[in-house]
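Work through the exercises below with the sequence and the model side by side, and try each task before reading its solution.

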Amino acid sequence: FQLPADLTKMHLTDNPHPQVTHVPSSQSGCSIASDSGSSSLSDIYQATESEMGDVDLTGLPEAPVDSEDEEEEEDEDIDRTSDPLLGRDVVRECLEKEPADKTDDDIEQLLEFMHQLPAFANMTMSVRRELCSVMIFEVVEQAGAIILEDGQELDSWYVILNGTVEISYPDGKSESLCMGNSFGITPSLDKQYMNGVVRTKVDDCQFVCIAQQDYWRILNHVEKNTHKVEEEGEIVMVKEHRELDRSGTRKGHIVIKATPERLIMHLIEEHSIVDPTYIEDFLLTYRTFLTSPLEVGNKLLEWFTVDSLRDKVTRVVLLWVNNHFNDFEGDPAMTRFLEEFEKNLEDTKMKGHLRLLNIACAAKAKWRQITLQKPSRDSPLFFSLLGGSDKGFGIFVETVEVGSKAAEAGLKRGDQV
């Protein structure tokens, strides 16, 4: 299945169900919430637990510890989900239930399947969820069967799940629609009539149908679930209200659209219970809407000077280093950012956080070989070392002269020899 590519239109658009939905690829500033999240820092915390009395680790994710039985169950789950036919059977089983009989798990299964279809690409998560809860499953077994006659009054919105249909228009033109495309009513309570004849082109065509009343109600009440943040008369962020279960205990706002600047700022703001992995998601996707990671790095250095933001900034950098160390190791400018950030931690005597940073860097760094040629025996090295057996720890590069042959060769402060 093709995932929706246009993330700039995640909220309802003026025409949410074109006859054939083309989903162009584009860059956008969007947060995509994920259930998987990124790797946590729990291993680092455990390594320093005895020395970390001064560090508040509240809110940072922890990696689960699985038993062998749980690992076997996970392997079985992976086997089940990796079988597309079995996955499709599960979806069909959910579809065949009456709307009143669908459980939360059924709706989540349908949501996972439906969000990959172009017809649902430009809708918010809450709209998709509501549509999944009311949709009806229909199967037309014969090819050539007429689904809608020309001039017939419409009462439903249809999305094709399997097979192909053809719309023959009165002017002689025709159009083929395949899996993921939609046809039928628009979100209005006005009487609407079919323009053309819709018939199946192959056997076993499968559809989901949503009644006009439900379709209109859900799509026209989308505004109540969104909150728009304005600055100087411009909308800079759109949040969507979500409830992750019917009990109402897990609900809140999640960012679905924003300007790049506002997405960066949200890194140090409070995150909703329904958007706990915002930082990890941002760090995973920022290159799709920012030209340079320094746009983030420079803001973090600026915010570090504010006492109330210091812990939040440090948390972002620790997660960044732990989950995406390549962003720093392969970029000299980002290496300098990391050195400056480390110096800031030293200056502010945040020794616990500094130790976390050093352990994260050591754990993620890769072995590499550097050859540095000296023109003569007496030539300077342009770098200094620290440590050794008399110090009780390994040998590390303490300083590297900027612009020197050592720096050009790739030697960096903090390298262990």
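The model is predicted, so local features need pLDDT of at least 70 and side-chain atom pairs count only at pLDDT 80 or more, while totals for chains, interfaces and linings use all residues. Residues are numbered from 1 along each chain as its sequence is written, and side-chain values use heavy atoms, with hydrogens and water left out.

**Exercise 1. Describe the strand pairing of β3 and its burial.**

Step 1: Locate strand β3 at residues 156-162, where strands (E, at least two residues) and helices (H or I, at least four) are DSSP runs numbered from the N terminus.
Step 2: Look for its partners, given that two strands pair if DSSP finds at least two bridges between them. Strand β8 (residues 205-211) runs antiparallel to β3 and is joined to it by 6 bridges, and within this pairing I160 has F207 as its bridge partner. Strand β6 (residues 182-184) also pairs with β3 in the antiparallel sense, over 3 bridges, and here V159 stands opposite S182.
Step 3: Check the cover, taking buried as under 20% relative accessible area (1.4 Å probe, protein chains only). Of the 7 residues of β3, 6 are buried, while 40% of the 417 residues of the protein count as buried.

**Exercise 2. Determine which residues of helix α5 are buried and what covers them.**

Step 1: The buried residues are S126, V127, R128, R129, L131, C132 and V134.
Step 2: Their cover includes the helices α4 (104-114) and α6 (212-220), together with β1 (136-140), β3, β8 and β10 (234-243).

**Exercise 3. Characterise the second largest pocket.**

Step 1: Its space is about 1,200 Å³, a volume being the space filled by probe spheres set on grid points that are joined across faces, edges and corners. On a 1 Å grid over the protein atoms alone, a pocket is an open set of points where a 1.4 Å probe fits, with protein on both sides within 12 Å along at least five of seven lines, and lining residues have an atom within 4 Å of a point.
Step 2: The lining has 33 residues, and F396, R413, G414, D415 and Q416 are the closest to the centre of this pocket.
Step 3: At least two lining residues each come from α11 (326-329), α12 (332-347), α13 (351-364), β12 (383-388) and β13 (393-400).

Definitions and conventions. Buried < 20%, exposed > 50% of the residue type's maximum accessible area, 1.4 Å probe, protein only. Contact = heavy atoms within 4.5 Å.
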